[in-house]
Amino acid sequence: MSKLRKVKVANGIFWVEVPEAGVYILCGCPADTVKHLKKQGFIHTRNEKGITFESGPNAILLSDLLVQHGKFANLAEFPVMQMLYRQGMILPNHPNNTNTKPILIGSEDQVEAQMQYIYRGNYGLVSEEELINAGMPLDEANELMNLKLKFAYGKIHKTEDLLDTVIVKNEPTEIRNGVFIRHLRLNVFEFQYQSEFVTVDLNLPHNENYNTPYSLGFHDIEREYFAVIHSGQGDGWDINRPAMSSIIMFQGKIYLIDAEPNILNSLIALGININEIEGIFHTHAHDDHFAGLTTLMRADHRVKYFATPLVRISVAKKLSALASIEEKNFSDYFEVNDLKFNIWNNIDGLEVYPMISPHPVENNIFIFRALCEEGYKTYAHYADTIDLGTLKDMVSKDNTNGGISKEFYYQVEKEYLKEVHLKKIDVGGGLIHGKAEDFRMDTSGKIILSHTSLELTNQQKEIGSGAPFGMVDVLIPTHQDYVRQYAFQYLRSYFPSAPLYQLRILLNNSVITFNPETIMLKGGIIPKEIYLILTGNVEHIQSGTGRQSILSAGALIGEMSVLNNVPFADTYRAVSFVRALRLPGSLYLEFVKKNDLYGKIEKIQEKRKFLQKSWLLGYSISYLRQVTLTRSMSFHHYPAGEILLDKNCTDLYVVKEGTLQIYIGKDVFETLEIGDFFGEEGVLFGMPSLFKIRAAEPVEICKISANELLDIPAIRWKLFETFKKRRKLLLDPALNSLPIFYWRHEYCINIQKIDDHHKQMLAKANKLCEAIDLKKESLVLDASINFLIDFVLYHFTEEENLLKEHYYNDYESHRNKHQQLIEDVLKIKQQLNNDGVEMNMEMLDLFKDWIINHILTEDRKYGPYLNAKGVF
């Protein structure tokens, strides 16, 4: 019988176990992984010494790739929480607490990112200073910190205190008890126990996506004036339902309250496309309310983000750790709208009243209201509240030792019991969740019980109602046709020069509702009508290519086939309930002739067809956004051998025909083909390209202005991922003819003093590398490493002085990066001096990462700035 066993749990998720060694490894952890494990029986309930707890993994293998097919591949917070708390591995006096930590396994960068993300997910803001910087007065910051320490059992623990880590290498590395792992290639790993081996491939095939553990069906939602769609009643452990969330419809606009894992599936089930989202009201940063933010980063516009600064800053710290972006870049992906506590904030007529609610991380709960003939109608969304009995036990007479004041307790109690027309409450129980009994005397019109994976008890049912997925509570009914208003807005955007009376002719046609999975237009036939999508999601299947994409509201389908009277090549199917304006072909043709639009439409459609073939510009970008992009596109031809991007450039270039090479010197790092792109450095950071680009044959290139791209989060994110991937190519010895630490002229930032420092650092690192290879004496190695460290510290000081002298606008951020690098370097130095650790190539990898990445990324950002100041 095999001692080493592998089982596929779900797409991109595997289970590897060695019971004899007591090792149970979860391989891959995308959204809702714990729910998959529970559903497949890998997590079950146990009872030992009278204590009931769960079984499950004791190690997690992370994906090499942060994102696959547009979805985040590593969301380890809930799997780690399940190990620590629901399995009891961290709980004092628990039968499953053997003083053995769970293990996080993966590449160094992914392990580090997850450790920081878990840390922020556990605690949010971790000091009074951080709370004050988030806008809290000193006394309130002190009380919140006391509260936080109560939840944290008296101490904020670094993630390293809770988890062990194993960095995967190309050579076998022991996980625990004789179980080994090694890296075979990107996202492919080999496990070994004694003479047995299994291979785990975490790469998703091109036609496969991470799947959800539950089915939601399809729901036909009418757009209302002021209404609440119940989009989630479960919690992070509920295997049958999405986590607690709601969607507000107000004056035809769509607002989310929280972003649960697998939110895209919820939106599709409700007939809502991600590009229809106007904004999100966010309560806090736990993954069952947070993980869907990564999906909203794939929208084609910056979704409006509504929260108090306290919550926003907590969320930004966690998201920056997860996505390896800077906190300040949060506003690149979301349009930040800060809310003020305990007052009504007006959001285009929808008013919201945020209140603080005790939780391990910063948490604001909301009351919403809108005006109608009868006065205000109100909805309260109370996510992750606390059992008032538990909160009362935290009261301290002198507000010390982790206690709270009586005033704080009574304020929370008063806010919880405010009377509203509709209130959704957390009844999850335990230390950090609410209790239905606290609301027994609540006089609100209707109470919805939420945030639990358990069946409601009879006592709970006496207090509040349930709300199946997709149920709608209408607070103010509409007397308008919002769907037709959408149609007018789209047509006006596409045809700004057409007279209004002509647009009204098009509008005076029927709106058709298509059921899910219905073919709307079939390939191979000449359509008699065009459809303007108004709500929902439509699948575009490109005939003969195997490719597909999702179209959202605003897309026109069938247009060119009608105008040219030719059979349609592709097929379009409704993914959800879809509403579309039917435009008779003959009427649309007459409209185009009268307004002399055929030439413009043809050019736009040719350019859109090109965009659709590009990974960067096709997927998840709405029809309207693509039409806008076509206006800033131009095409250029270059002969074979032509060198592009040999100077500063801030435009993006996409290959239309031919191939190009990305190279430095004699080394070719990547070959670009049709649909590939370059120029991301200039678009993102305004800095010159590190690489050179050469036409390998005659090529046609599409140039797109950066101004049109940076406000599209989906594109910005892909550019950033590509930028990081291409930097890593410089560290791949298989692609380099020169040593990794060899100075190249392309590394210059055009400031002589700094360039001289960089040359010396690389030369010293190269000498150290050679000494390790030649197995030089430890005294020689110690002297070399100490000299290198001392020089790096000297260089940082000189560089900071230069940036400060010339008022570099990103000085603080750059200095903070230096501080982090210094901590890493001094940690190595301490290990060498105190622990007797031998210097080896593995340690040198740390220098390789930060020397190369810092010089070639962060330092290149300030070069153009100082050059403009006359510093060379």
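**Notebook: loops, cores and cysteines**

I started with asparagine 750, which sits in the loop between α22 (713-729) and α23 (752-773). Helices here are DSSP runs of H or I with at least four residues, strands are runs of E with at least two, and both are numbered from the N terminus. The model is predicted, so I note that local features need pLDDT of at least 70, side-chain atom pairs count only at pLDDT 80 or more, and totals for chains, interfaces and linings use all residues. Residues are numbered from 1 along each chain as its sequence is written, and side-chain values use heavy atoms, with hydrogens and water left out.

**Positive phi**

Asparagine 750 is not a glycine, yet its phi is positive, about 70°. My cut-offs are under 20% relative accessible area for buried, over 50% for exposed, and partly exposed in between (1.4 Å probe, protein chains only).

Next I looked up histidine 451, in the loop between β26 (446-450) and α14 (458-461). Histidine 451 also has a positive phi, about 60°, without being a glycine. It is buried, at 2% relative accessibility.

**Glutamate 208**

Is glutamate 208 buried or exposed? I found it buried, with a relative accessible area of 18%. It lies in the loop between β14 (196-201) and β15 (226-232). Setting aside residues up to four places away in sequence, glutamate 208 touches Lys8, Asn11, Gly12 and His69. Contact means heavy atoms within 4.5 Å.

**Cores and α10**

I then turned to the nonpolar cores, sets of buried Ala, Val, Leu, Ile, Met, Phe, Trp, Tyr and Cys residues joined through side-chain atoms within 4.5 Å. The largest has 97 residues, and Phe334 and Trp717 have the most contacts inside it. Helix α10 (residues 309-323) gives the most to this core, with seven residues. Apart from that core lies another of 65 residues, including Ala370 and Phe495.

I checked α10 itself. Of its 15 residues, 14 are buried. The helix reaches 20 Å from its first C-alpha to its last, close to the 21 Å expected; the expected span is 1.5 Å times one less than the number of residues. Just after α10, serine 324 takes a positive phi of about 55°.

**Cysteines**

How many disulfides does the structure hold? I found zero, a disulfide being a pair of cysteine sulfur atoms within 2.5 Å. For cysteine 27, the nearest cysteine sulfur is that of cysteine 29, 10.0 Å away. Cysteine 27 is buried at 0% relative accessibility, while cysteine 372 is partly exposed at 23% relative accessible area.
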